[in-house]
Amino acid sequence: MARTRIVIGGDGDGDSGEDQEKRELRLGAWVGNQRSRAATLSPERVEQLSAIGMRWS
């Protein structure tokens with residue numbers, strides 16, 4: 001399964017720093033989980049995901 005690498009934290013200048021955390025995520029699995037739980041997500045969460053282009057089907 002494909003993984004997506006992200007960096008969390010830092011000051012956004014691209015330099016590595018002690019306050020940065022690198023994670024490897026399975027983005028496709030996360031999206032699938034959100035879709036399967038759509039009926040139980042809060043309306044605010046559904047609105048946030050829809051606002052960034054989430055496809056629900």
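Modeller: Start with R3 and E24. They form a salt bridge, and their closest N and O atoms are 3.6 Å apart. (A salt bridge is a side-chain nitrogen of Lys or Arg within 4 Å of a carboxyl oxygen of Asp or Glu.) R3 sits in the segment before β1 (4–9) and E24 in strand β2, so this pair ties together parts that are 21 residues apart in sequence. (Strands are DSSP E runs of at least two residues, helices H or I runs of at least four, numbered from the N terminus.)

This is a predicted model: local features need pLDDT of at least 70, side-chain atom pairs count only at pLDDT 80 or more, and totals for chains, interfaces and linings use all residues. Residues are numbered from 1 along each chain as its sequence is written, and side-chain values use heavy atoms, with hydrogens and water left out.

Now the accessibility of that pair. R3 is partly exposed, at 48% relative accessibility. E24 is partly exposed too, at 39%. (Buried is under 20% relative accessible area, exposed over 50%, partly exposed in between, with a 1.4 Å probe and protein chains only.)

The side chain of R5 meets E24 in a salt bridge, at 2.8 Å from N to O. This pair also links distant parts of the chain: R5 belongs to strand β1, E24 to strand β2, and they are 19 residues apart. R5 is exposed, because its relative accessible area is 70%.

There is another pair to cover. R23 and E21 form a salt bridge, with their closest N and O atoms 2.7 Å apart. R23 counts as partly exposed at 40% relative accessibility. E21 counts as partly exposed at 38%. Shared partners matter here: salt bridges join R3, R5 and E24 into one network. A search of the whole structure finds three salt bridges.

Strand β2 covers residues 20–25, and L25 lies in it. L25 is partly exposed, with a relative accessible area of 37%. Together with I6 and I8, L25 forms a nonpolar surface patch of about 200 Å² accessible area. (Patch residues have over 30% relative accessible area and no salt bridge; like charges are joined within 9 Å, nonpolar side chains, meaning Val, Leu, Ile, Met, Phe, Trp and Tyr, within 5 Å.)

Next, the wider fold. The protein has two helices and two strands. Along the sequence, they follow the pattern β-β-α-α. Of the 57 residues, 9% count as buried. The accessible surface of the protein comes to about 4,900 Å² (Shrake-Rupley, 1.4 Å probe; for residues, only the protein chains shown count as cover). Carbon and sulfur atoms hold 48% of that surface.

Which residue of helix α1 is worth a look for contrast? Q34 is found there, in the helix spanning residues 27–36. Q34 is buried, at 8% relative accessible area. Leaving aside neighbours within four places in sequence, Q34 is in contact with L41, R45, L49, M54 and W56. (Contact means heavy atoms within 4.5 Å.) Across the protein, among contacts between residues at least 6 apart in sequence, 7% join residues at least 24 apart.
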